[in-house]
Number of protein chains: 2
Amino acid sequence: MKIAVDGMGGDYAPEEAVKGAVIAAKEYGVEIALVGPPETMQQELAKHDLKNAQIEVVSASQYLVEGEPPAYALRQKRDASIIVATKLVREGKADAVVSAGPTGGVVAAALYLLGTIEEISRPVVGGPFLGFAPDTIMMDLGTNVDCQPYQLLDFAIVGTVYARKMMGISNPTVALLSIGAEEGKGNELVKESYPLFQKSGLNFIGNVEGYDIPSCRANVIICDGFVGNVVVKFCESLGKTIANWLEEKLSGKLPEDAVREMTEELVRATNAADVQGGGPLWAVNGVCCVSHGRSRAAEIAKTIGQAKLAVEQDLVGTLKAELAAARDRLKESGS
Amino acid sequence: MKIAVDGMGGDYAPEEAVKGAVIAAKEYGVEIALVGPPETMQQELAKHDLKNAQIEVVSASQYLVEGEPPAYALRQKRDASIIVATKLVREGKADAVVSAGPTGGVVAAALYLLGTIEEISRPVVGGPFLGFAPDTIMMDLGTNVDCQPYQLLDFAIVGTVYARKMMGISNPTVALLSIGAEEGKGNELVKESYPLFQKSGLNFIGNVEGYDIPSCRANVIICDGFVGNVVVKFCESLGKTIANWLEEKLSGKLPEDAVREMTEELVRATNAADVQGGGPLWAVNGVCCVSHGRSRAAEIAKTIGQAKLAVEQDLVGTLKAELAAARDRLKESGS
C-alpha cells in the first residue's frame, strides 16, 4: 500500500510532516510518497534513521499557505504539493492522500481531482468531537448548512460506515439531533427525516436532544452542518472557558503542574481537532485524510494510520454499497 | 402594585410558593394575590410572620400537575390556580402573574387569556443561560423552531428590550448566531436576516459563532429556537459531565466540601434554569413571569421581583413601541 503525504502541509511543515511520514512508514509498514520540493524533503529526511522506512520523494515545487482562497490558490499553484499528492491517488499511483495543509485547499483539491461519490455533491465532515463521548460521532459539522432530509440520511449512512469500519462498533446506533425525544418533536427537517430514517435499515433509535450529546446515547448523531458547527465551536469555547475558571479556582490549592495537567486534559477533551486528530474526508471518491493544521509528527503519523485503515476497510467501496442499499430499501418501501 | 402568585405552582408548592410570596411581599413591598385552595393557602401563611406583608388569598380549587398535556389540563381544570391567577391580570385586578408551575400550562394559560402582542404569534423564550457570560442573552430557546427572518428580528427587538429594561444595559449589542463572522456566512435564514438586521436600527454587530457565545461578544445573540434549544441543553449536560469529571479528578486531593462547592458552582453556571431563575414570558400581552419548576422560595421571590421590575419598566408597552418603530424603519428603507 502506498500513501501520498503532503510534505508541506501543516503549521509545522516540513519538519513535522516529514517526521510523521517516517514514523508512519516504520510503524504501519506502508510505502510513502513524500510530496514536496525535493531538496527540502531530502534535507528533512536526512535528519532521520530511514531503516525499514520505504519513502520515495515526489517533486512538487509549490505549496498552499493558510489564508489563501482555495480556488484561487489551486489555479495559481498547479504544482502545489497537495495537488501533486492528490493526483497520485487519481492516477492510481497511491492508495490514499494525507495532508495537514489548509482544509479549504485540501477539500478543493479532493473535489477537483477525485470528485464525490454518487449523488453526494459535497463532502461530509464529522467525527468524534468530545473526549467525554469517545464513541459518539456527529455529522455534519459545517460543510452542508441548508439540508434536505435525504442529505441527513446520507450523513447517517456515512456515520454508520465511519463507526463500523473506523471505530469497530459493529451495529452503531443512529439518532437525529432534535429538541424532544418523541417522534414529531423538532423542526421541519427533523420531522421529515424521521420516517426516512425509520425505513432506512439503519439502527435508528429516534431523536436525541442537546442534553444527550455528552452521554453517548447514540453512536451517530445527525444534524445539519449549521447546528453541528455551532455546537462544536461552542463546545470548544466552553471547554476553554471552564479550563480558565478551573485554573483560577485551583491556583494555590494544588501544585501548578497538576493544575496545568487538568486544564490541558479538559481543553483536549472539548476540542474537536484534538479529539478527532485526522480523519477521512467523507463522500470523496478516493481516500483523502485531513489532519488539523497544528498537527505534530505524532498526529500526522496517526492520520496516515487512519488512511491505511480506510484503504484496508475499503471505505469508499463500502460507503458506495451502503448508499445504494439504503436507496433500494427506501424505493422498496415506496419512499 | 399587585402581583398574582400561583400558590400551587412548582415542585415544592405550596410550601415554597407561599413562602416565596411572603418574602417578596416584604422585600419588594408589593401586594400579593395568592391563588390556590383557600384552606391550604391559609395553612401555609400561618407558618410565617405576616407583618408588613400585604397578602390576600384568592380561591382556586384546582391546580396543574407536571406531565399533563396543557391544552387538556386547561379545559378540564377551569378553576386551576394558574388560570385564576392569569385571569386576575386580564381583568386588571393584578398587574402581573408569577408561577413556577408546568411551563406548558403557564404558557397555554397566558396565550389563552392574555394573547400575544401585535404580530408575534407565539411567545419568545430566552435570557442569560451561561454564568460565565452574565451579560449575554440568547433567543429563542425552543418555542419557535422553524423561523422566518422577520421572526428573528422580533426576537432581537425582544432581546434588546430585555437587556435594556431588565438588565440595565443601555445600548445592547445584537448579533446573529452563525458559522462564520463575515456577512454571507451562514444558512439561508441567517443570510436573509442579515440585511434586515442592518436596517433595523438595532445595535447590530454582525454574526457571531458558537465559539463566541461564552465570551460576551454580544449582549443579545439571536438564533431560531431549534439551534437555541440544542445549545442550551448541550451546555447544561456538558457542564454536568465536566463537574463529574472534576469531582473524580479532585477526589482525595482537596477536602470534600471544597470539591462539592466547585462542582456545584460549575453546574449552576452552566444550567440555564439556575442562571436565569425566573423571567418574563416574552411577547405575551401582559406581564407573566415563569419560574423554573424546581424553584425554592428564594427563586420564587426573585421572580416576583422580576415581575415588579417588568411592570415598573412597562415591558409590554415598551416592546410594542419598539416593534412598531422597527417596522416603521424597515418600511422607510423599503424592506
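First, the ground rules. Residues are numbered from 1 along each chain as its sequence is written, while chains are lettered from A and ligands numbered from 1 in the order in which they are written. Because the model is predicted, local features need pLDDT of at least 70 and side-chain atom pairs count only at pLDDT 80 or more, but totals for chains, interfaces and linings use all residues.

Let's start with the pair. Two copies of a chain are related by a rotation about an axis and a shift along it. Here, a rotation of 179 degrees with 0.0 Å of shift along its axis superposes chain B on chain A, with an RMSD of 0.1 Å. The two copies are thus related as by a two-fold rotation axis.

How many residues does the contact take from each chain? It takes 34 from chain B and 35 from chain A. Contact means that the C-beta atoms of two residues, placed from the backbone, lie within 7 Å. On the chain B side, helix 8 (225–250) and helix 9 (256–270) each supply at least two residues. Helix 8 of chain B gives the largest share, 16 residues. By class, the side of chain B that touches chain A has 20 nonpolar, seven polar and seven charged residues. For those classes, Ala, Val, Leu, Ile, Met, Phe, Trp, Tyr, Cys and Pro are nonpolar, Asp, Glu, Lys and Arg are charged, and the others, Gly among them, are polar. And 100% of the interface residues of chain B are also interface residues in chain A, so the copies meet through the same surface.

A word on elements. Helices (H or I, at least four residues) and strands (E, at least two) are DSSP runs, numbered from the N terminus. Strands pair if DSSP finds at least two bridges between them.

Now the sheets. In chain B, an open sheet of six strands has the order 3-2-1-4-11-10, with mixed pairing. Its edge strands are strand 3 (55–59) and strand 10 (279–280) of chain B, each pairing on one side only. Strand 1 (2–6) and strand 4 (96–99) of chain B run parallel, joined by three bridges. V5(B) has V98(B), in strand 4 of chain B, as its bridge partner. Helix 2 (38–45) of chain B packs on this sheet, touching strand 2 (31–36) and strand 3 of chain B, and its direction makes about 155 degrees with that of strand 3. For such angles, axes are lines fitted to C-alpha atoms, for helices over the stretch in contact, and angles run from 0 to 180 degrees between N-to-C directions.

Over to chain A. Here an open sheet of five strands has the order 5-6-9-7-8, again with mixed pairing. Which strands stand at the edges? Strand 5 (126–128) and strand 8 (204–209) of chain A do; each has a single partner strand, so one side of each is left without a neighbour in the sheet. On average, neighbouring strands of this sheet are turned by 25 degrees against each other, direction ignored. Three bridges join strand 6 (137–139) to strand 9 (220–222) of chain A, and the two run parallel. M139(A) has I222(A) as its bridge partner in strand 9 of chain A. Helix 7 (188–198) of chain A lies across strand 7 and strand 8 of chain A, at about 170 degrees to strand 7.

Next, a helix pair. In chain B, the axes of helix 1 (15–28) and helix 11 (297–312) come within 7 Å and cross at roughly 50 degrees. That makes helix 1 of chain B oblique to helix 11 of chain B. Angles under 35 degrees count as roughly parallel, over 145 as roughly antiparallel, 65 to 115 as roughly perpendicular and the rest as oblique. Residues of helix 1 of chain B that meet helix 11 of chain B include A17(B), I23(B) and Y28(B). This contact has nine nonpolar, two polar and four charged residues.

Most residues other than glycine have a negative phi, and most peptide bonds are trans. A cis peptide bond joins A13(A) and P14(A), with omega about 0 degrees. P14(A) lies in the loop between strand 1 and helix 1 of chain A. The bond from M139(B) to D140(B) is also cis, with omega near -10 degrees. Then there is A283(B), not a glycine, with a positive phi near 80 degrees. A283(B) sits in the loop between strand 10 and strand 11 (287–290) of chain B.

How values were computed. Least-squares fit on C-alpha atoms with pLDDT ≥ 70 in both.
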